[in-house]
Amino acid sequence: MTTSQFPVLLIAIPLMLVPVAFFVSQAKLSVRGFAIASLGLVAMLAYAPLVAALGFGLVLPLEARMGGWGPELGIVLMLDPLAALLLPITNTIIVLGAAIGFPAGERTPIPYFPLWFLLAAGSNGLIVTSDLFNAYVFLEIIAICSHALVAYRGDGYAFESAFKYLIAGLIGSAFILWGIIALFAATGALSLSVIVDRLPGAPPALVAAGFSLIVAGICVKLAIVPFHSWKPDGLTGAPPSSAGAISGVVLSAVLVLMLRVLVGLGGIGGPAQTLSAVSPFPVILTFLGAVSVVVGHSMALVQGRLTRMLAYSSIGHFGAMLLALALVTPAATAAVVFHGANHAVLKSGLFFLCAAAATERGTDRITGLSGYLARRPLELAACAILMLALVGLPPTVGFASKWAMIVEVVRAGGIVRALLIGGGSVIAVVYYLRALHTMIWDGAPRQLPDLGDPRARVTRLALVVGAGYTLVGFVGAGFIFAVASSAVSVLLGGPQ
Amino acid sequence: MRRTLALLISGSIVALGVTTLMLTGTLSDAIRPVDYTLRTVRDTGAINAVTAILFDYRALDTLGEATVIFAASSVLAFLAPRSSASMLSVRLSMLILYGIAFLLPFIMVFGFGTIVFGHVSPGGGFTGGVMLSSSVVIFAVVYSVGGQQSYVLPILVKKYVENAAMFVFVSLGFIGLFSGGAYLANALTGIPLGEPGSLLSGGLIPLLNIATGFKVGMGLALIIISLFAE
Amino acid sequence: MLAPTILTGAIVLTGCAFYGLITHRHMIRLVICLNILDSAVLLVIVLLGYEPDAAAPIVRQADLQYVLGLPHALSLTAIVISACTTALMLGYAVRVHRLRGTVYVDRLTRWRG
């Protein structure tokens, strides 16, 4: 095999692990150890392209032609710097989430580890594929796995959440499929690069329709405001570890699809494809983003449950990213890539903390968690750092990315947008501080449980990793931003 | 209130769609998609273009959709309660019991035939797999009356077959990776494509067909029987 | 003449599906509406490969005109995915009904705060 075929390993190995895990379980061996170890192996593989590109001069994008057919006939996987930047993050979240959410003892109504394997295969596939219909197939795999992970606790609330989540996800997929078919009718191709090449000769109305349908479907999946109501409900009944994986992995993968479509068809970064010039889509995206920022952060203010608060805060964050994306400049897009990667790490870190707290207290109400952090210095520090980063205060990586976003937005002339993004952060200070205050001081500190539960140790590991990334990332913010910029410039077809 | 809103939204969807249609006109000026039909035989050795696209040109999509079936079936198999078995409370007449017993082998043979001849005639792993699953389901419906759980295959056997089929599919892809330079490669691996139109043609396509057929057959049977048990 | 009629039909079907998705709160009806939505797309996909008087794409003679194979492959994929998700949603709906005693989405929990 050649190096260029590397991306397919990230899809084929997790898929291969599903039957292997089944046979392991039938042989009465420990599936758990096997599954965690192999997911860890996949995560290490996911680090390889980034490390090789930065340290050993590997030239990205790696282009894996499935079956040897080119983009006009078959499917081409494209591991570009954008994918290389996000793959390590999503795969690390998957292995940590699988280890933390493992239901100890009780019989789960749903096969647990195969779903994480399939989630890994689906999200890796969606991140690396350059074929729109293939992306649709991977989206559906992700949808099925992630809502089953929402339901695995098996009570009525979990199934209710899963049903709501699935309905919303499928409406989004249907939009996306309509859009893909419209683009196929207009250009006769399914590969994004070929579609972009053939745009000049295609019927413009059909292209615009297909483009807006895909963007609308992605907005449903990202829970942008008019389509947002599924998300808090979908995450409330879920185990917080699954909610963390959904916020971190699924949303990042969908964001990659959004970026590819916007860059290819939306005309980010230049007058070559002038869809942004002739259609009102930047205005619409700006409007949706602004409403999302306002609604997301202010609804987070009135939530009494930690998971719902985090879910609404995600809506606000993606609204801010949409505001920056709607400017259609490459620099703002690079800032969005940076912020998207950070958001995945930070949000899933907090969800994992929430998972540990909810396992101990049996509730995720903020009042029910009072005093949880009081005698846990490590958790307290990590939680404070992650919350600081989500608000966007120094010395954290969240500050760096939000600052980059605001600077680029102001540079492109969007003062009002910058004020909106900043205002969202101001609201975020209030609700995070309130939650932190309750979790530290209110109520009597209870006796600490023993740390015999391995899940608690994994949670601490995850928190250390997340907080470490947050602090180290602040120091190396310029470097990460440079990687994000080169990712966007490669996406635009330019040199690395 | 909600009805008005719904009328507004769906009305505007229809209006926008029809406007796009009128602006586009007939699709005659749109770019035609690439025609696989004429190059299929040369490239893959299979004469059924749809099968060739599904199992060679766009085989990754097929792997993905087989995975979707796999995920759905495993989730549903776990959801279904173990206890409830009887689907019908009435006793079926002798005529039906013996008639089905007579028909079932034919259904299964037809299903197998559709899978195996998928690259030279209409059919393929998916259609044949659906036929296989229908035979399993018919058996379960007809012969599990009266509370005895005599499904044609225990759930565990179905899961074994399904997992083995998935393993085979992914492994067949790796053959292409190691000997042909591309995952799921067919002609590139050097496997002889055979004479187009004969049973032993199409390289890896028949093998992928068989793997998919078993996977789809067992997966759909699991899904439907689990839904019965609900 | 056939193509615009069918395309309009598919668009109207989409509108119907959205009307149903917004007005109905019964879980099974929501599933049916999603199915209608999928069928509308499938109709368009199959239509894209259609040519009058062309044969099925099984190449026994080189000089015959065949319909395009790609849309058929795509529609097969989309059908399978739609069937699986429908089965899953029905399974969840039955579960929710059994555990929560209602099939109406709006009578389920209103999580507030």
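A: A disulfide is taken here as a pair of cysteine sulfur atoms within 2.5 Å, and a search of the whole structure, over all chains, finds zero of them. A:C383 is accordingly in no disulfide, the nearest cysteine sulfur, that of A:C354, being 9.7 Å away. This is a predicted model, in which local features need pLDDT of at least 70 and side-chain atom pairs count only at pLDDT 80 or more, while totals for chains, interfaces and linings use all residues. Residues are numbered from 1 along each chain as its sequence is written, chains are lettered from A in the order in which they are written, and side-chain values use heavy atoms, with hydrogens and water left out.

With buried meaning under 20% relative accessible area, exposed over 50% and partly exposed in between (1.4 Å probe, protein chains only), A:C383 counts as buried because its relative accessibility is 1%. C:C16, at 43%, counts as partly exposed, and its sulfur lies 9.3 Å from the closest cysteine sulfur, in C:C33, which is too far for a bond.

Turning to the helix, where helices are DSSP runs (H or I, at least four residues; numbered from the N terminus), the buried residues of α6(B) include B:G125, B:F126, B:L132, B:V136 and B:V142. Contact means heavy atoms within 4.5 Å, and what covers these buried residues includes α3 (49-57) and α8 (205-229) of chain B together with α3 (70-100) of chain C.

Finally, B:S201 is found in the loop between α7 and α8 of chain B; it counts as buried because its relative accessibility is 2%.

Key. Helix = DSSP H or I, 4+ residues; strand = E, 2+ residues; numbered from the N terminus.
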